[in-house]
Amino acid sequence: MKTVKLIIAWILMILAVVGVVAVLAGLVGSWIVRNEVTDVTLNLLTVGETAVTATRDSVNKVEDRLEQSAARVMTVEDKVVGAGDVLKDNSILIALINETVGEELSPALTTAKETAVTIATLTFALSDAVAAANNVPFINLDGPAVTLIQDAAAGIVEVHDDMTAMRTALIERREGRIEGGVDVITDYTSSITSGIQKVQQNLQAFDAELSTLSADLGALKISLPRIYTLITIGVDLILLLIGIAFISLILHSLSFIRNPEQTLGSLLGKKVA
């Protein structure tokens, strides 16, 4: 019986030593895992920030082009209203078409339309990135509303179509193929101006969402490492308690091996005393 107890004591001591080694490995491993998770998370958030910045830059470019377009439309309207009854004057119409509409307004709207399409593509990619980030614990981001930029892109297409129709109307009016005076053109300029304003409202709402998302990403880059550190510390405290239990088992086993005659009750009593 004494031999069996000694064998059990040795087995328990060996298992406790293995346990202590495992605890030490866990302590080291917890920080390795913490650093790896933190690096991966921060890289993911940085990619998101970069995508948001690129998207906002593109939005600003579109807004600049729309402001230029709105100014060109006002120029067209002012010239048409100023021309009044002499709207059929070929020299005036040629100047309106070639200088203001053809050389300034059309390129600005075309660039805005192309950039808006690029933004829509970036937004879909950004939404996918946000969805992937939301799979990470403690991340809950609201992605930008894709419909806003889609509506903006569609609005720019409509404005571009109105601009093309206005240019055609100017040519037809010059050639005397359609009747009417100032109102023929101002109807188009009013429609284009209204369309640009609607697009600008969508872009402003979209940019506000991007601004919020950028702020959330920046805040997460600060808070998540702290959360991961606190979790790691909590895990380490649990491991330390387990390690203390293993060390206590080693000491009890050694005590029994040195004095196999003592009972379990006396062993525990001795240690408590």
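Asn-140 is exposed, with a relative accessible area of 68%; here exposed means over 50% relative accessible area, buried under 20%, and partly exposed in between, with a 1.4 Å probe and protein chains only. Asn-140 belongs to the loop between H2 and H3. Its C-alpha atom is separated by 9.7 Å from that of Leu-220, although the two residues are 80 residues apart along the chain.

The model is predicted: local features need pLDDT of at least 70, side-chain atom pairs count only at pLDDT 80 or more, and totals for chains, interfaces and linings use all residues. Residues are numbered from 1 along each chain as its sequence is written, and side-chain values use heavy atoms, with hydrogens and water left out.

**Overall architecture**

The protein chain has five helices and zero strands. Read from the N terminus, its elements follow the order α-α-α-α-α. Helices (H or I, at least four residues) and strands (E, at least two) are DSSP runs, numbered from the N terminus. Of the 273 residues in the protein chain, 34% are buried. Among contacts with a separation of 6 or more, 82% are between residues 24 or more positions apart; a contact means heavy atoms within 4.5 Å. The accessible surface of the chain is about 14,900 Å², and carbon and sulfur atoms account for 62% of this surface. Accessible areas come from the Shrake-Rupley method with a 1.4 Å probe, and for residues only the protein chains shown count as cover.

**Nonpolar cores**

In soluble globular proteins, nonpolar side chains tend to be buried together. A nonpolar core is a set of buried Ala, Val, Leu, Ile, Met, Phe, Trp, Tyr and Cys residues joined through side-chain atoms within 4.5 Å. The largest such core holds 43 residues, of which Leu-66, Ile-139, Leu-141, Ile-185 and Leu-203 touch the most other members. At least two residues of this core come from each of helix H1 (2-83), helix H2 (90-133), helix H3 (146-174) and helix H4 (182-258). H4 supplies the largest share, 13 residues. Apart from this core lies another, of six residues, including Ala-9, Ala-16, Ile-250 and Ile-257.

Which residues does Leu-203 touch, not counting residues up to four places away in sequence? They are Val-59, Val-62, Glu-63, Leu-66, Ile-149 and Ala-152. One of these, Glu-63, has its place in helix H1. Leaving aside neighbours within four places in sequence, Glu-63 is in contact with Leu-203 and Gln-204. Glu-63 is buried yet has no salt bridge, and the nearest side chain of opposite charge, Arg-56, is 8.1 Å away.

**Salt bridges**

Side chains of opposite charge can pair when their charged atoms come close. A salt bridge is a side-chain nitrogen of Lys or Arg within 4 Å of a carboxyl oxygen of Asp or Glu. The structure holds two salt bridges, listed below.

| Salt bridge | Closest N and O atoms |
|---|---|
| Lys-221 and Glu-49 | 3.1 Å |
| Arg-56 and Asp-207 | 3.0 Å |

The pair of Lys-221 in helix H4 and Glu-49 in helix H1 links distant parts of the chain, 172 residues apart. Lys-221 counts as partly exposed because its relative accessibility is 28%. The pair of Arg-56 in helix H1 and Asp-207 in helix H4 also links distant parts of the chain, 151 residues apart. Arg-56 is partly exposed, with a relative accessible area of 26%, whereas Asp-207, at 15% relative accessibility, counts as buried.

Leu-42 is in helix H1 and is partly exposed, with a relative accessible area of 23%. Not counting residues up to four places away in sequence, Leu-42 touches Lys-221 and Pro-225. Leu-42 and Ile-222 are 180 residues apart in sequence, and their C-alpha atoms are 9.3 Å apart in space.

On the surface, Val-4, Ile-7, Ile-8, Ile-11, Leu-12, Leu-15 and Leu-249 form a nonpolar patch, with about 580 Å² of accessible area together. Patches are made of residues with over 30% relative accessible area and no salt bridge; like charges are joined within 9 Å, and nonpolar side chains (Val, Leu, Ile, Met, Phe, Trp, Tyr) within 5 Å. H1 gives the most to the nonpolar patch, with six residues. Val-4 lies in helix H1 and is partly exposed, with a relative accessible area of 44%.

Conventions. Lys, Arg positive; Asp, Glu negative; His and termini not counted.
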